[in-house]
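Have the structure open as you read.

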Amino acid sequence: TLSPTSSPGPSATATCGPATWVQVRSRSTHPPAGDEFAAISALSPDDIWAVGNYLNLNDPTARRTLVQHWNGRTWSVVASPNVGTGHNYLTGVAAFAADDVWAVGYSGASFAERTMTLHWDGTQWSVVPSPNLGVRRTQLEAVTAISANDVWAVGWYETNERVETLALHWNGTQWSMVPTPNNGSFDNYLFDVSAVSTNDIWAVGYSPTYALTMHWDGTQWSLAPNPTTDTTGSLHSVSARASNDAWAVGYYYDGSGERTRVLHWDGVQWSIVPSPNFGADDGVLN
C-alpha cells in the first residue's frame, strides 16, 4: 500500500508579474526508493495528475506504478494497480475529465514487456486490457485524449528483426491497433503524441536516418517530411496547439556530441528553429 510520508509543500498561488519557479514537494512512497515521474497532465489548477514508477525496498525485485494527484494545495499518492509480479512502468498520462483519465506504460520481465493501460473513473484506477503483438517487447510511451471515445496511445514493438512503430486507439469500448508506417528497414520508435482534433494528430520519434514526424488525418497515419535528414537524432516530445502550430523537441548528433533540436509546424511544413546549447556538453530536450 502506498502512503504519503513527506510533509506538504507550499500552496500554489497564481500571480502576475515576473515568472518564478518554486519547488513544490511531492509525496514519497513508503519506504521511498527511486521514485520517478515520467509524465504530467493538468485539467485545472487544482486537478493535475503525474505518473511514473518507484522501487519498493520491501520488494526490490520489481518497479511498481506510481500515481500522484495535485488538488491545488498538495500532492498525494493515489493507489494504482500493477500487472503481475514483474516490473510496471507508467510513461504517459492524459486527463480528459475529472472522472476520465488515462495512464499508459508497460509491464513484465525485461525484454518481454507488454502494453499496460490504466483508467481513472473518478474513484479508482483500474487496468484496462490492451492489445499486444505476438512478438517480443511491446511498450507504450505516451497517450493523448480527444474525447471519452477517442484516445490514442503510441509506442513501439520488437519483432525478431527490428523495432517498429505502434499506435493504439480507444473507441470508448476497447483498445485496438491501428497500422503505422516505418522509415526504412531498421529500428523505428514513437515516443510522444499530441492531438489538435480527431483528424489532426501528431506523433514523433526516432528512425535510423531522420527524426520521425507522423500525422493522423482521420483515416490513416503517414510519415511527414521534416528537415532532419542530414543528421542522426530523435524527437522525444510534441505539442500540437492548432492545425498550423505544433512544436517538437529532441536532439541531433553533430559529429562531436548531442545537441538540442526544436522543430515547428506552420501548417505547411516542419522547419528547424535554432535552440541554445551549453558549451560542448551534450544537450537533449525531452
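## A serine and its polar partners

In this predicted model, the side chains of S207 and N183 are joined by a polar contact of 2.9 Å.

As for where S207 sits, look in the loop that runs between β14 (200-206) and β15 (212-216). Is S207 buried or exposed? It counts as buried, because its relative accessibility is 1% and the cut-off for buried is under 20%.

## Who else is around

Leaving out residues up to four places away in sequence, S207 touches N183, D187, N188, L212 and G233. One of these, L212, belongs to strand β15. L212 is buried too, because its relative accessible area is 0%.

L212 and N188, both on the S207 contact list, are 24 residues apart in sequence, yet their C-alpha atoms lie 8.2 Å apart in space.

Nonpolar side chains tend to be buried together in soluble globular proteins. Here, the largest nonpolar core has 15 residues, and the ones touching the most other members are W152, V154, V193, I201, A203 and W221. Which elements give two or more residues to this core? They are β10 (150-158), β13 (189-197), β14 and β15.

Note on methods: Residues are numbered from 1 along each chain as its sequence is written. This is a predicted model: local features need pLDDT of at least 70, side-chain atom pairs count only at pLDDT 80 or more; totals for chains, interfaces and linings use all residues. Side-chain values use heavy atoms; hydrogens and water are left out. Helices (H or I, at least four residues) and strands (E, at least two) are DSSP runs, numbered from the N terminus. Buried means under 20% relative accessible area, exposed over 50%, partly exposed in between (1.4 Å probe, protein chains only). A polar contact is a pair of N or O atoms within 3.5 Å; within protein, one must be able to donate a hydrogen and the other to accept it, and residues adjacent in sequence count only if both atoms are side-chain atoms. Contact means heavy atoms within 4.5 Å. A nonpolar core is a set of buried Ala, Val, Leu, Ile, Met, Phe, Trp, Tyr and Cys residues joined through side-chain atoms within 4.5 Å.
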